[in-house]
Every structure is written in structure tokens, then in C-alpha cells.
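Subject: Structure handover

Hi,

Here is the structure I promised to pass on to you. Please have a look at it first, and then read on for what turned up.

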Amino acid sequence: MFRAVLRCSGSGGGRGGLAAWRRAAALAAGGSPSAQAQARPHPAAALAARWYSHGKQETDEEFDARWVTYFNKPDIDAWELRKGMNTLIGYDLVPEPNIIDAALRACRRLNDLASAIRILEAVKDKAGPHKEIYPYVIQELRPTLTELGIPTPEEIGLDKL
């Protein structure tokens with residue numbers, strides 16, 4: 001995240017900063033030379049500051065494990081499933097097949113075929129112009145899709161709409 005921070009080199013406290021703002025405003029409004037002289041020792045300058053997270057970086061394996069664990073919760077409900085998929089799809093990545101597998105199994109536990117098909121549609125959409133990604137994901141998920149009885153969007157004609 002990038003934020004602008006305003007710093008005034010005043011005599012400390014709120015009054016020094018406020019006085020510097022007043023002098024800068026008077027100078028900008030075409031104030032007297034005495035206002036200009038007063039403004040020089042205490043300039044108000046906008047400085048850029050970056051806010052970095054100094055936390056531990058999550059590896060790809062930890063990321064995948066976190067999402068697989070999320071979708072493998074035995075008491076997951078439909079809202080949590082949709083929330084998790086919405087968050088996951090919001091990332092700048094195509095989810096790994098093992099994450100999608102866990103999400104599809106959660107759909108099966110909830111008896112929610114519509115969400116399962118929507119997950120596959122979302123993965124296809126996330127793959128975007130990279131036409132080789134979606135067939136790879138389907139190839140990796142084929143045993144799970146067969147086991148759970150989940151058709152792909154193409155098998156039920158949703159790609160023709």
C-alpha cells in the first residue's frame with residue numbers, strides 16, 4: 001500500500017505544525033515577505049512513506065495447504081464455501097487442482113451441484129487467455145469429477161451459451 005504522510009518540522013507539538021501550515025497558506029496566497037521568511041525555517045513537505053508488512057511470507061505449499069484445510073472443514077456451510085471461493089478467485093492466480101478438489105468435495109458434502117459447476121466456470125474464467133491451463137486442471141480433476149458425479153460446464157452445454 002502506498003500512502004502520503006505529511007510532516008511538519010515545527011517546534012514540536014500541534015502548534016508548531018499548525019503555525020507552519022498557516023505560514024505556508026499565507027505564502028501561497030501571496031503573503032508578505034515576512035510571511036515568506038517565517039515559512040522557510042518550518043517548511044511543510046509531503047513525503048511518501050510505504051507501509052510494509054514485516055510478517056512471514058507464505059510459501060506456495062503453505063498457501064495451498066491453508067485453502068485445502070479451509071475447504072476440508074467437516075462443518076463448512078454454503079456461505080463459507082462461497083466466501084472462500086470468492087476470496088480465492090480474487091487472488092491473482094489460478095487455484096491449484098488440489099484446492100479445487102477440496103472445494104468440489106465440500107460442494108458434494110453440501111449437495112450443491114450448482115456451486116461445483118460455478119467453481120469450474122470460475123477456474124476457466126481465471127485462466128483467461130492461457131488456454132492450456134483449464135484443460136490441465138480438468139485433466140487433474142477428472143478422477144474426482146467422475147467419483148463425485150460432477151459434470152464439467154462443457155459437458156452440460158454451458159460453454160455454448
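A salt bridge here means a side-chain nitrogen of Lys or Arg within 4 Å of a carboxyl oxygen of Asp or Glu. Please keep in mind that this is a predicted model. With that cut-off, Glu155 and Arg142 qualify, because their closest N and O atoms are 3.1 Å apart. Glu155 lies in the segment after α7 and Arg142 in helix α7, so this pair ties together parts that are 13 residues apart in sequence. Both partners are partly exposed: Glu155 has a relative accessibility of 48%, and Arg142 has a relative accessible area of 34%.

The search of the whole structure gave nine salt bridges. Here are some others from that search:

- Arg66 and Glu58 meet through their side chains, at 2.9 Å from N to O. Arg66 is partly exposed at 38% relative accessible area, and Glu58 is partly exposed too, at 37%.
- Lys160 pairs with Asp159, with 3.7 Å between the closest N and O atoms. Lys160 counts as exposed at 69% relative accessibility, whereas Asp159 is partly exposed at 37%.
- Asp101, Arg105 and Glu147 are joined in a network of salt bridges.

As a general point, side chains of opposite charge can pair when their charged atoms come close.

Now to the nonpolar side of things. Which residues touch the most other members of the largest nonpolar core? They are Phe71, Leu104 and Leu120, out of 27 residues in that core. Helices α3 (60-71), α4 (78-90), α5, α6 and α7 (133-148) each contribute at least two residues to this core. The largest share comes from α5, with seven residues. In soluble globular proteins, nonpolar side chains tend to be buried together.

Is Asn111 buried or exposed? Asn111 is exposed, because its relative accessible area is 59% and the cut-off for exposed is over 50%.

Happy browsing, and do write back with any questions.

Best wishes

Methods: Residues are numbered from 1 along each chain as its sequence is written. This is a predicted model: local features need pLDDT of at least 70, side-chain atom pairs count only at pLDDT 80 or more; totals for chains, interfaces and linings use all residues. Side-chain values use heavy atoms; hydrogens and water are left out. Buried means under 20% relative accessible area, exposed over 50%, partly exposed in between (1.4 Å probe, protein chains only). A nonpolar core is a set of buried Ala, Val, Leu, Ile, Met, Phe, Trp, Tyr and Cys residues joined through side-chain atoms within 4.5 Å. Helices (H or I, at least four residues) and strands (E, at least two) are DSSP runs, numbered from the N terminus.
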